[in-house]
Amino acid sequence: MLYPEQTATRTLEDLSGMWKFKAETGKVDPEKPLTDTVWMAVPASFNDQTMNTQLRNHLGYFWYETIFNVPADQLKKRNVLRFGSVTQSCQVYLNGQEVAHHVGGFTPFEADVSHHLRAGKNDLKVRVSNLLDNDTIPTADLKKDEQGHYHMQTRFDFYNYAGIHRRVRLYTTNRTYIDHIAVNYDVEGAKTTVRPEINVRGNYDHAQLRILDEEGKVVATGDSLQADMNIADTHRWQPLHAYLYELEVNVYNQESDLLDSYTQEFGVRTIAVKNDRFLINGKPFYFKGFGRHEDSLAHGKGENMPLVNMDYQIMKWMGANSFRTSHYPYCEEAMRQADREGLVVIDECPAVGIFETFNVTLGGNGDFKHGNTWDHLNTMANHKRAIKEMVERDHDHPSVVMWSVANEPASHENGAHEYFKEIIDYTRQQDPQKRPITMVNIMMANADKDLVGDLLDVICLNRYYGWYVDFNNLQQAQSDLKAELEKWHQKLPGKPIVFTEFGADTKAGLHSILRMPYSEEYQLDYYKANFAVFDQCDYVQGEQLWNFADFATDAGMIRIGGENLKGVFTRDRQPKEVVEFLRHRWLKMDK
Ligand code: BDP
């Protein structure tokens with residue numbers, strides 16, 4: 001699915017703005033106007049926009065409605081309605097008729113609405129659900145009581161924000177249109193052979209391809225959709241030194257009228273994993289950065305590009321070079337911006353919580369009963385769909401160097417190997433660039449117990465020695481961490497190990513002369529202790545801290561004020577004490 005752009009042949013209209021909204025408490029007729037509504041900004045989560053806690057916490061279904069106008073001339077074109085994402089699932093009604101439905105809260109979907117659109121006023125309604133269960137991605141334990149009320153316990157540690165989270169757009173094309181582009185290429189030294197894969201729907205006579213460099217200079221051309229094109233003197237996309245080319249595709253009829261035109265950005269870089277190293281353009285790359293969340297005041301999980309831009313600038317100022325899209329694909333605009341900033345991305349699908357007995361808010365991460373995840377949860381179909389949609393959306397982003405197929409699944413329970421063999425083979429098939437694949441490992445699935453590591457290109461560990469384990473005992477934490485690392489390295493020699501999470505909850509402004517947990521001093525000591533171990537292990541090839549900033553969670557005994565406080569910044573981006581130290585470490589690091 002192409003990113004929606006206005007071009008010489010396509011128009012684009014953004015339907016975002018103030019929509020009407022209500023929770024579904026009785027039957028709603030999509031053919032009639034919604035009644036008893038409140039105003040809701042789109043795109044954004046609905047949860048934090050009202051002062052109504054009942055609405056904030058409602059489980060079930062919600063309705064959005066907007067009226068928009070279409071000029072009569074536009075009906076001659078093919079009209080497509082496109083949602084950047086709706087969380088968690090939805091049905092879309094245009095003028096009373098269902099035109100689309102989608103399951104999965106973090107990837108785009110679209111529908112050809114040419115036959116449903118009217119000249120003048122159109123009524124668009126979206127019925128959104130925030131429910132998750134044992135089959136969905138992410139997962140939750142869902143029950144419905146006799147009164148018809150839902151009760152849901154999510155198996156992840158972030159607030160289950162919901163709504164129309166990303167932009168809603170209406171775009172037009174001609175009846176002949178470019179449907180898919182993948183800019184595949186082979187690199188040999190300075191020479192790049194671009195072998196694009198392009199699908200066009202409808203009749204056309206001939207096509208023309210051009211590759212333009214950053215100055216707009218044409219560096220290669222092709223006279224058919226199948227043409228191979230050579231860039232003689234390639235400017236590589238490098239971490240923190242981005243370079244983007246454009247592939248311009250034009251499709252014509254016999255009279256050489258332009259039927260469709262679309263331009264796709266791409267970057268040229270190679271990725272390989274060899275001898276404990278993650279290589280970008282043949283050079284070892286050490287991941288310095290963070291796990292993040294799409295999470296902010298009032299927007300919730302809704303698109304917030306000013307904040308994304310600010311976060312990227314803060315990261316670069318600190319000497320970070322990368323982040324993971326924990327725990328779901330981020331909005332398309334954020335991915336495009338990572339390409340431009342040269343930030344390196346581990347792109348994670350929303351498979352978080354495939355662990356039957358995971359429950360973070362009650363007892364903490366250490367409190368697990370043995371579960372039977374791979375018999376009781378039935379996520380395979382939704383997991384594959386989520387991967388397909390993520391890879392289809394993101395395969396041309398040079399910033400994306402690795403796929404993460406899950407965060408902290410029960411990779412130590414029987415059935416995990418079979419499940420992930422199928423998921424990883426499937427992911428590899430989907431990706432035209434055949435990037436490395438990882439899965440993020442949870443602490444109790446340690447080197448002795450994990451059943452999946454052999455399937456992965458890179459071992460990614462979330463470890464909390466000094467927090468959930470060895471709490472307030474950093475010396476013990478260091479020796480336990482070191483012992484575990486050595487086991488992983490013995491078990492899977494040659495595979496680089498990247499820390500994708502490690503951190504300690506820290507209440508900004510809390511100071512302690514005794515350097516007690518939750519204080520800014522403890523967070524600083526915690527990171528110093530962990531780094532000291534990483535620096536002794538040559539096969540450790542990355543450190544992504546948990547988390548960039550404090551973020552919203554369910555209320556819980558260890559989630560003060562409904563926030564996870566492991567940010568090195570507060571939720572409003574004020575630095576905790578550790579930031580200066582990190583900045584110093586990363587800026588001078590040459591590993
Ligand atoms: C891990 C999860 C992450 C949590 C973190 C924590 O991957 O989502 O927020 O631990 O407990 O279990 O802070």
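Guide: The buried residues of helix H2 are Met305, Leu307, Val308, Asp311, Tyr312, Ile314, Met315 and Met318. The model is predicted, local features need pLDDT of at least 70, side-chain atom pairs count only at pLDDT 80 or more, and totals for chains, interfaces and linings use all residues. Residues are numbered from 1 along each chain as its sequence is written, and side-chain values use heavy atoms, with hydrogens and water left out.

Visitor: What makes H2 a helix, and what covers its buried residues?

Guide: Helices are DSSP runs of H or I with at least four residues, strands are runs of E with at least two, and both are numbered from the N terminus. H2 spans residues 305-318 and has 14 residues. Its first and last C-alpha atoms lie 20 Å apart, close to the 20 Å expected at 1.5 Å a residue, where the expected span is 1.5 Å times one less than the number of residues. The cover of its buried residues includes strand S27 (287-291), strand S28 (322-324), helix H3 (332-341) and helix H10 (578-588). After H2 comes Gly319, with a positive phi near 90 degrees.

Visitor: Why is Leu244 called buried?

Guide: Buried means under 20% relative accessible area, exposed means over 50%, and partly exposed lies in between, with a 1.4 Å probe and protein chains only. Leu244 has 9% relative accessibility and therefore counts as buried. This residue is in the loop between strand S21 (229-231) and strand S22 (245-252). Contact means heavy atoms within 4.5 Å; leaving aside neighbours within four places in sequence, the contacts of Leu244 include Trp237, Phe266, Asp339 and Pro398.

Visitor: How do you know that H3 is mostly covered?

Guide: Nine of the ten residues of H3 are buried. Among them are Glu332, Met335, Asp339 and Glu341. Just after H3, Gly342 has a positive phi of about 75 degrees.

Visitor: Why is Asn275 called exposed, and why is Glu408 called buried?

Guide: Asn275 has a relative accessible area of 63%, so the term exposed applies. Glu408 stands at 7% and therefore counts as buried. Asn275 is in the loop between strand S24 (271-274) and strand S25 (277-280), whereas Glu408 is in the loop between strand S30 (400-407) and helix H7 (416-430).

Visitor: What makes the phi values of these residues worth noting?

Guide: Most residues other than glycine have a negative phi. Asn275 has a positive phi of about 45 degrees although it is not a glycine, and Glu408, also not a glycine, has a positive phi of about 50 degrees.

Visitor: Which peptide bond joins Val42 and Pro43?

Guide: Val42 and Pro43 are joined by a cis peptide bond, with omega about 5 degrees. Another cis peptide bond, also with omega about 5 degrees, joins Thr87 and Gln88.

Visitor: How is the packing of helices H8 and H9 described?

Guide: Two packed helices are described by the angle between their axes and the distance between the axes. For H8 (residues 474-491) and H9 (residues 520-534), the angle is about 30 degrees and the axes are 10 Å apart. Axes are lines fitted to C-alpha atoms, for helices over the stretch in contact, and angles run from 0 to 180 degrees between N-to-C directions. Residues of H8 including Leu474, Leu481 and Leu485 meet residues of H9 including Tyr522, Ala529 and Phe534.
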